[in-house]
There are 4 protein chains.
Amino acid sequence: MEYARPLPAYLVSRFQGWRATTYQENRAWYRRLAEKGQHPRAMVISCCDSRVHVTSIFGADEGEFFIHRNVANLVPPYNPDGEYHGTSAAVEYAVTSLGVAHIVVLGHSSCGGVKGCDDMCSGHAPQLLEKSSFVGRWMDILRPGFQRVAHLPDGERIPALERQAVLVSLENLMTFPFVAKAVKEDMLTLHGLWNNTGEGLLEQYDAQRGFIAV
Amino acid sequence: MEYARPLPAYLVSRFQGWRATTYQENRAWYRRLAEKGQHPRAMVISCCDSRVHVTSIFGADEGEFFIHRNVANLVPPYNPDGEYHGTSAAVEYAVTSLGVAHIVVLGHSSCGGVKGCDDMCSGHAPQLLEKSSFVGRWMDILRPGFQRVAHLPDGERIPALERQAVLVSLENLMTFPFVAKAVKEDMLTLHGLWNNTGEGLLEQYDAQRGFIAV
Amino acid sequence: MEYARPLPAYLVSRFQGWRATTYQENRAWYRRLAEKGQHPRAMVISCCDSRVHVTSIFGADEGEFFIHRNVANLVPPYNPDGEYHGTSAAVEYAVTSLGVAHIVVLGHSSCGGVKGCDDMCSGHAPQLLEKSSFVGRWMDILRPGFQRVAHLPDGERIPALERQAVLVSLENLMTFPFVAKAVKEDMLTLHGLWNNTGEGLLEQYDAQRGFIAV
Amino acid sequence: MEYARPLPAYLVSRFQGWRATTYQENRAWYRRLAEKGQHPRAMVISCCDSRVHVTSIFGADEGEFFIHRNVANLVPPYNPDGEYHGTSAAVEYAVTSLGVAHIVVLGHSSCGGVKGCDDMCSGHAPQLLEKSSFVGRWMDILRPGFQRVAHLPDGERIPALERQAVLVSLENLMTFPFVAKAVKEDMLTLHGLWNNTGEGLLEQYDAQRGFIAV
């Protein structure tokens, strides 16, 4: 496996700096987490985008959130067909093994995956329609959301579609029997958020009023 | 969608505190990231586990890493069958759209997913063998790794399997044509890491020497 | 004193966030409290348990309650022997210096201290009988309460003992001359509460009817 | 026990409001904490003073901190004499049963207990010298701290003594064998803080530099 390469030196330096400072100062907590296991209160489903770190905006420490990150913070519908489903596995582990109390779906502005979905559904990105496009097929999950906002003019459609990515994920979460059961039994609550990363704003979804500023 | 609930008040408070301090102080950078887009230098594939935050150990800022997190930091083999593949979509986006220079696979100690794989392959978790088990099916990706460490005694097998989760993912990454091409053209390097979260140690995979301390 | 360590960074961030928002918005009140002193209307005696925050359930602001928290919300009997008595000092300060109008004893479900007392008195925790066990000796205060519920079957005894922890404390409060005097003069009232933290229920003690839902 | 009185109506109203809102919205988390138990990361030892709520300044949720509050946030020296020691019992439970990773001693400005200690030690409060004074006897714990600041002029002595209340408590914590052992084994860290409640400032104790602003 000769293609595996040494870690860039600046990352080695940063790690060693972290170890000499943050780790040393919080060693007791890291060790306790290692010995007694994690008990995160919430699962967060967020985008891979480098501009969205949920640990920053919520001042979270190690141990607090179980975080799944994928392109466009999407959850596919329940489909136990025996194939690989990374997102479904993460949701299953969080709900049935860890027993988290909340699942937070965190969308964001300027999402490249959502933009790709809009291009694809608007006919501007034929390459994303190909069977071999993983991004295209992944963004198919958001097609029901696109249908709901397709009538909007150009400047409004993409921000609306970013919020649809949150709503479609919440809807799909409820198709998982173990999620629906935990929600019904009041052992789990679902939350939809959308973060404008440039302006530092956060909106939450409210069933009556739609997305409103936090 | 009456099941969507308000964000817990303590998270609202924390967000507002973050906005009044960290955001205000770094506003220029957040806005620039929003306007000019993200240019992350690396993709990190890490576990959902609440004890492993790559942004902490590498002192990373917003904009630096494109982060995919799934159960046990696994990458499945290349399989363009037209179905949903969240991990493959994330890798494709990072390599072909963002052009990251590195992909870092970060494994860790006490991984619940790896433990489940060991239980399943050792015959101690029949429920994980069921077709409907998303975690079980997802951990099937690691079966080739289990074969290589199955002969080890109990105390050694799981830590070895955690490192196999990194190696299997690196091997699978190379089955993606666009990854292999970028590696061959020296536009992309792959890196395997394993983090002992309790002891604050980091090991990197070296083709000659195996996993060695950073 | 080299063992004193820096505050974990996430708590520093959270404090700075609080200072920039909640503090700034309420600065006049915090400053006035600092200059004119506190005038809390009630003393609350509650457990150290992380699940019971009286400030949450009663929507309390800074300045409203003088709060003593110890294991199992216990008050020992009056015993002016010249030794350290932290709980008695807190009660004395609240009643004679601050002149609070109410003392509220707040018990709760799943109390670890009460469970320890039950184990100890039932002969299942010999280590708690040792002279050197601070928890064991502290829970001795509750022994009179255990005598009253010892006949109950397993599932009922511990919840009953949690309520006894409230009643024993109320009884012991009345052994303090300055408490009895203030109660007699109608300058102070005593209140017994029991909180089921999981179900969000509150019961209050009524001399005629026992513990009844609020 | 006819002296037990109904809860004031305004507190009943507030509780019912809390139950209809905060509890309903966070019910999953409260239930999970009830079923799976608490796993607080830190113990906080703070004053009963109504102006100091650690949950506010650190944006803490239920489940995060195990909180002991007594007059002047004092910890007495280790003394396993078989008598009641509420503070020692709380420390023992936090360290040996819950395995907290941090103990934070939080002092504050305008502390009535510290003021009483200064008056007593300066000869201005003979009533606090009486054997029957619980506050006086409790504040005896702080006498070693008073010796260190006794030479300071009037305006400086009390703020210095408030910080001594933190240091004496840290010193006394280390006299508990189970605390010293956990600290030595890097399973527990101790932290000293002083909060100026009127100005919203926080200082932390540093072994080299003394109390410095956070």
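A salt bridge is a side-chain nitrogen of Lys or Arg within 4 Å of a carboxyl oxygen of Asp or Glu. By this rule, 60 salt bridges are counted over all chains of the structure, which is a predicted model.

**Figure 1. Overall organisation of chain A.** Chain A contains eight helices and six strands. Read from the N terminus, its elements follow the order α-β-α-β-α-β-α-α-α-α-α-β-β-β. The C-alpha trace of chain A extends over about 55 × 50 × 40 Å along its principal axes.

**Figure 2. Packing of helices α4 and α7 in chain A.** Two packed helices are described by the angle between their axes and the distance between the axes. Helix α4 (residues 112-121) of chain A packs against α7(A) at an angle of about 115 degrees, and the two axes lie 9 Å apart. Angles of 65 to 115 degrees count as roughly perpendicular, and α4(A) and α7(A) are therefore roughly perpendicular to each other. The crossing of α4(A) past α7(A) is right-handed. On the α4(A) side the contact involves A:Val114, A:Lys115, A:Cys117 and A:Asp118, which meet A:Arg157, A:Ile158, A:Leu161, A:Glu162 and A:Ala165 of α7(A). By class, these residues comprise five nonpolar, no polar and four charged.

Figure 3. Side chains of opposite charge can pair when their charged atoms come close. A:Asp154 and A:Arg157 form a salt bridge in which the closest N and O atoms are 3.0 Å apart. Both residues belong to helix α7 (residues 154-173) of chain A, and because they are three residues apart there, about one helical turn separates them.

**Figure 4. Packing of helices α4 and α7 in chain B.** In chain B, helix α4 (residues 112-121) and helix α7 (residues 154-173) pack at about 115 degrees, with an axis separation of 10 Å. This angle makes α4(B) roughly perpendicular to α7(B). The two helices, α4(B) and α7(B), cross in a right-handed sense. Contributing to the contact are B:Val114, B:Lys115, B:Cys117 and B:Asp118 from α4(B), together with B:Arg157, B:Ile158, B:Leu161, B:Glu162 and B:Ala165 from α7(B). Five nonpolar and four charged residues, with no polar residues, make up the contact of α4(B) with α7(B).

**Figure 5. Packing of helices α3 and α8 in chain D.** Helix α3 (residues 86-98) of chain D meets helix α8 (residues 177-184) of chain D at an angle of about 35 degrees, the axes being 10 Å apart. The crossing of α3(D) and α8(D) is left-handed. D:Val91, D:Glu92, D:Val95 and D:Thr96 of α3(D) are in contact with D:Phe178, D:Val179 and D:Ala182 of α8(D). Of the residues in this contact of α3(D) with α8(D), five are nonpolar, one is polar and one is charged.

**Figure 6. The interface of chain C and chain D.** The contact involves 98 residues of chain C and 98 residues of chain D. About 8,800 Å² is buried between chain C and chain D, with 63% of this area on carbon and sulfur atoms. C:Tyr3, C:Tyr84 and C:Phe134 account for 10% of the area that chain C buries against chain D, more than any other three residues. Four salt bridges are found across the interface of chain C and chain D. D:Arg14 pairs with C:Glu64 in a salt bridge whose closest N and O atoms are 2.4 Å apart.

**Figure 7. The contact of chain B with chain C.** Five residues of chain B touch five residues of chain C. Chain B and chain C bury about 380 Å² between them, 67% of which comes from carbon and sulfur atoms. No salt bridges are counted between chain B and chain C.

Technical notes: Residues are numbered from 1 along each chain as its sequence is written. Chains are lettered from A and ligands numbered from 1 in the order in which they are written. This is a predicted model: local features need pLDDT of at least 70, side-chain atom pairs count only at pLDDT 80 or more; totals for chains, interfaces and linings use all residues. Side-chain values use heavy atoms; hydrogens and water are left out. Axes are lines fitted to C-alpha atoms, for helices over the stretch in contact, and angles run from 0 to 180 degrees between N-to-C directions. Helices (H or I, at least four residues) and strands (E, at least two) are DSSP runs, numbered from the N terminus. Angles under 35 degrees count as roughly parallel, over 145 as roughly antiparallel, 65 to 115 as roughly perpendicular and the rest as oblique. A crossing is left-handed if the near helix is turned anticlockwise from the far one by less than a right angle, and right-handed if clockwise. Contact means heavy atoms within 4.5 Å. Ala, Val, Leu, Ile, Met, Phe, Trp, Tyr, Cys and Pro count as nonpolar, Asp, Glu, Lys and Arg as charged, and the others, Gly among them, as polar. Buried area is the accessible area (1.4 Å probe) that two parts lose on being put together, summed over both.
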